Amino acid sequence: MTSPHPALRLSDRIAELLTDPAAAPAAWSSHPQWRQSLAHGAPGIALLHIERAAMGLGPWEPVRAWLSVAADSPVTSGTDSYLYYGAPALAHALTCAAQARPGSYQRALDHLDQVVAADAVRRCEQAETRTERGNLPRLAEFDTIRGLAGIGSILLRRSPGGKAIRRVLACLVRLTENVRHQGVVLPGWWTLAGPSGEWDERFPGGHANSGLAHGIAGPLALFAVALRRGVEVDGQREAIRTVLAWLERWRDGHAWPYWITPAHLNGPDRRPLPPQRPSWCYGTAGIARSLQLAALALDDPQLRHDAESALATALVDRKGLAATTDLSACHGYAGLAHIAHRAAADASPSNAGRLRSAAVLLLDTAHPPYADADEQARHLLPSAGPAFLEGTAGTALALLAPATGSTPVTRWDACLLTS
């Protein structure tokens with residue numbers, strides 16, 4: 001067995017600094033989303049300790065402590081909940097804990113299963129009504145962070161044979177059908193808002209979002225993961241092909257634009273793309289992993305090779321990496337290392353070595369081999385905060401698998417739709 005990468009020391013030290021919820025500064029714990037936010041609060045920190053305990057790297061006590069914080073108030077459900085907040089967020093954390101300790105948290109999970117499934121069906125009903133009226137969707141209807149793709153990731157883990165996941169998949173299949181808006185044919189996921197989900201004067205006429213966090217790569221990944229698990233609805237394979245064709249249309253070498261606007265559709269020249277960071281949320285890492293999953297689901301060797309090659313190239317592209325400025329799971333070096341490691345495990349032999357090499361280089365950047373892990377962690381925590389998506393908990397978690405050469409025991413990254 002090879003020795004762990006030194007980046008594991010940084011992950012260990014961050015976890016130690018995040019052991020006790022009672023020691024959390026008021027600036028963190030007073031945040032209104034602290035208790036129920038997977039992105040910004042206790043459930044996300046719990047994920048770090050759950051995975052560490054499952055790997056035998058840490059005790060179970062911090063898991064109990066952080067989950068107690070998350071469950072210490074009525075759990076939000078309904079329209080105010082989504083994968084990263086409320087009932088689905090807690091369901092994801094408890095599912096990971098139950099993966100490590102089978103049979104644990106079963107009563108709570110049974111209740112959350114019913115709540116999440118009912119909310120998913122209501123979301124689908126709203127989406128279907130919107131479609132029948134001829135309106136364009138909001139990002140929060142379908143994306144990974146706030147929409148049906150993210151909710152679907154929970155349903156697929158908890159109840160893959162249930163009606164709710166099939167309803168979600170069918171709703172997303174319909175999303176991939178072209179629509180006509182003001183005389184222009186657009187993909188069904190075109191939104192009139194900006195990337196924030198709100199009206200943005202910089203995006204007159206709206207946009208089609210490509211990213212895994214907020215765009216069509218989220219539904220694509222869900223389609224693929226579901227198909228690989230034997231969950232399929234009518235039109236699902238055709239929907240995958242539709243999204244693949246759209247992304248191929250706009251691909252430029254090893255990169256994809258974050259979004260497509262009316263200017264792209266109508267302009268004489270859409271290239272070259274400016275340098276873009278190859279992140280999970282937007283960029284090549286998230287999109288290429290979605291494409292790789294789709295290729296595996298469709299058993300398409302050429303698509304698989306192209307996706308893996310694009311990812312391996314992007315992860316050593318100096319201009320793209322120069323735009324990467326932090327270590328976060330969302331858009332930093334740790335997140336990129338995790339995706340490279342995940343993709344390498346599924347890659348063809350010709351690309352697996354390139355991806356593993358890229359993962360090591362990314363780990364070296366995240367934590368240089370001779371750096372002081374304690375000093376780095378103590379500097380990182382106040383500046384980046386404890387969050388899962390953009391903070392230190394996610395950094396520590398994303399470093400674990402590539403630094404140890406392992407596979408996530410709890411499949412914590414299902415909430416990223418990378419597995």
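The model is a predicted one, in which local features need pLDDT of at least 70 and side-chain atom pairs count only at pLDDT 80 or more, while totals for chains, interfaces and linings use all residues. Residues are numbered from 1 along each chain as its sequence is written, and side-chain values use heavy atoms, with hydrogens and water left out.

**Cavities**

I looked up cavities, where a cavity is a set of points, on a 1 Å grid over the protein atoms alone, at which a 1.4 Å probe fits but cannot get out, and where lining residues have an atom within 4 Å of a point. Grid points are joined across faces, edges and corners, and a volume is the space filled by probe spheres set on the points. The search of the whole structure gave two cavities of 30 Å³ or more, and I noted a volume of about 40 Å³ for the largest cavity. Its lining consists of Ser153, Leu156, Arg157, Val225, Arg411, Ala414, Leu417 and Ser419, which divide into four nonpolar, two polar and two charged residues. Helix α8 (residues 148–158) gives the most to this lining, with three residues; helices (H or I, at least four residues) and strands (E, at least two) are DSSP runs, numbered from the N terminus.

**The largest pocket**

I turned next to pockets, a pocket being an open set of grid points with protein on both sides within 12 Å along at least five of seven lines. The largest pocket has a volume of about 370 Å³, and 17 residues line it, with Arg123, Gln126, Arg138, Ala140 and Glu141 nearest its centre. The elements that give two or more residues to this lining are α6 (106–132) and α7 (139–142), and α6 gives the most, with six residues. By class I recorded six nonpolar, four polar and seven charged residues in the lining of the largest pocket.

I followed Arg123, which lies in helix α6 and counts as buried at 14% relative accessibility, where buried means under 20% relative accessible area, exposed over 50%, and partly exposed in between (1.4 Å probe, protein chains only). Leaving aside residues up to four places away in sequence, Arg123 touches Ser81, Tyr82, Ala140, Arg146, Gly147, Leu148 and Ile151, contact meaning heavy atoms within 4.5 Å.

**Cysteines**

I searched the whole structure for disulfides, each a pair of cysteine sulfur atoms within 2.5 Å, and found zero. Cys96 is in no disulfide, and the nearest cysteine sulfur, that of Cys415, is 7.2 Å away, which is too far for a bond. Cys96 is buried at 0% relative accessibility, and Cys415 is also buried, with a relative accessible area of 0%.

**Positive phi**

Gln182, although not a glycine, has a positive phi of about 50°; Gln182 sits in the loop between β1 (179–181) and β2 (184–186) and is exposed, with a relative accessible area of 73%. Asp299, also not a glycine, has a positive phi of about 55°; Asp299 lies in the loop between α13 (284–298) and α14 (301–314) and counts as exposed at 64% relative accessibility.

Technical notes:
Ala, Val, Leu, Ile, Met, Phe, Trp, Tyr, Cys and Pro count as nonpolar, Asp, Glu, Lys and Arg as charged, and the others, Gly among them, as polar.
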